[in-house]
Amino acid sequence: MPGHERKDRPDVSQREQTDESLSVERGKTDARIARKERATEDEADEVLRVARQVADQVVQNARDHADSAQAPSAAAEARVDGERARADVSLEDQRSDADAALKELRAERARYLSDFLAVEREATDQDMSRERDFADRLVSTRDDLLANVSHDIRSLLGGLGLNTALLLKHAPEGPAGDAMRRYASANQRLVARMNRMVNDLLDVTSIDAGTISLLSDEVEVNKLFRDTLEAFGPVASAKGITLQADASAVPFRAHLDSGRVLQVIANLVSNALKFTPSGGRVSIRARAEKNEIVFSVADTGGGIPPAERKNIFERFRQLSKDRRGLGLGLHISKSIVEAHGGKLWVESEPGSGSTFSFSLPQPPSD
């Protein structure tokens with residue numbers, strides 16, 4: 001199948017996540033304000049109701065006392081009843097007017113609060129827009145600087161690597177030559193590490209810009225595993241760790257970017273070897289599921305504490321005190337997998353090792 005270059009990340013952009021979070025927080029704030037306002041109004045209504053009830057009881061007690069003080073004539077009693085009825089109607093009218101005024105006051109306060117929030121949010125949005133424009137300019141300048149500096153560093157590292165290879169090739173025999181080869185080999189390892197750091201920084205820049213590229217094609221899955229075993233077999237042997245791979249449960253070929261997926265597998269295997277003690281085992285497997293292939297890298301190391309599992313895919317996050325890397329590997333791996341339309345996750349318990357898995361969607365078979 002022909003390759004393609006991906007220009008947009010499939011997941012929600014950081015800005016959209018920020019806007020969504022802001023919208024959610026604003027909704028929560030509105031709900032809290034509404035609840036507080038309703039609670040305040042309910043308290044005020046209850047106070048008013050109790051006050052009116054007390055006033056009515058006082059009036060009723062006064063009437064009862066007046067009635068018991070003397071026995072009025074029928075005409076006087078009728079006159080008193082009429083006056084009381086008129087007083088009750090007047091009081092009810094006054095209370096209705098007070099309720100209407102209170103209702104209008106509350107409505108006016110709600111309109112004022114709504115207008116105030118609208119103005120405040122418009123000002124906040126304008127401030128955010130200005131901050132984003134400023135941030136965009138900074139990011140653009142940073143990306144240009146990083147691209148130029150990385151190009152120069154790569155050129156220098158290339159020259160250093162070439163000179164190191166020449167030293168290895170032309171080192172004389174004898175103790176002096178052995179020392180030269182030893183130092184040259186150390187230089188090669190340092191150059192390789194520096195190249196990985198530069199590549200990680202460039203990958204993060206591409207991820208942030210949404211321009212991470214994929215060149216997908218039909219790839220032999222077993223070849224990915226063979227390349228991984230060839231690269232990490234000596235490291236595993238030196239540490240006394242068994243490294244094994246099994247792709248028997250997947251089709252012969254899969255549709256993916258082999259270089260990028262190999263980068264993900266290599267990062268997961270490198271981490272597994274780092275955290276697995278001597279005598280342990282690291283297993284690489286793949287299995288076919290409905291319209292996707294699931295890769296996994298399992299180790300018999302110490303596992304990951306629950307508090308760390310949700311943070312390990314963040315950039316610059318490192319679980320150990322080993323500072324030879326930048327803490328970008330898992331973040332980049334997650335972004336590569338998501339650029340394929342898949343997902344990356346971890347299952348781990350302290351003392352029981354860890355299993356990192358990632359799924360890659362596959363086109364339906366004909």
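Student: Is I312 buried or exposed?

Tutor: Keep in mind that this is a predicted model. Buried means under 20% relative accessible area. I312 has 2% relative accessibility, so it counts as buried.

Student: Okay, and where is I312 found?

Tutor: I312 sits in the loop between α6 (306-309) and α7 (329-339).

Student: How should I think about a nonpolar core?

Tutor: In soluble globular proteins, nonpolar side chains tend to be buried together. Here, the largest nonpolar core has 43 residues, and F295 and F358 touch the most other members. Helix α5 (residues 258-275) gives this core its largest share, 7 residues.

Student: Which residues is F295 in contact with?

Tutor: Skip its neighbours within four places in sequence, and the contacts of F295 include V221, F225, L256, I265, R285 and F358.

Student: And how do I read paired strands?

Tutor: In a regular strand the side chains alternate between the two faces of the sheet. Now look at strands β4 (residues 281-289) and β5 (residues 292-299): they run antiparallel, joined by 8 bridges. R285 stands opposite S296 in β5.

Student: What happens at the hairpin of β4 and β5?

Tutor: There are 2 residues between the strands, and N291 takes a positive phi near 60°.

How values were computed. Residues numbered from 1 in each chain as written. Predicted model: local features only at pLDDT ≥ 70, side-chain atom pairs only at ≥ 80, totals over all residues. Heavy atoms only, no water. Core = buried A, V, L, I, M, F, W, Y, C linked by side-chain atoms within 4.5 Å. Buried < 20%, exposed > 50% of the residue type's maximum accessible area, 1.4 Å probe, protein only. Helix = DSSP H or I, 4+ residues; strand = E, 2+ residues; numbered from the N terminus. Contact = heavy atoms within 4.5 Å. Pairing = 2+ DSSP bridges.
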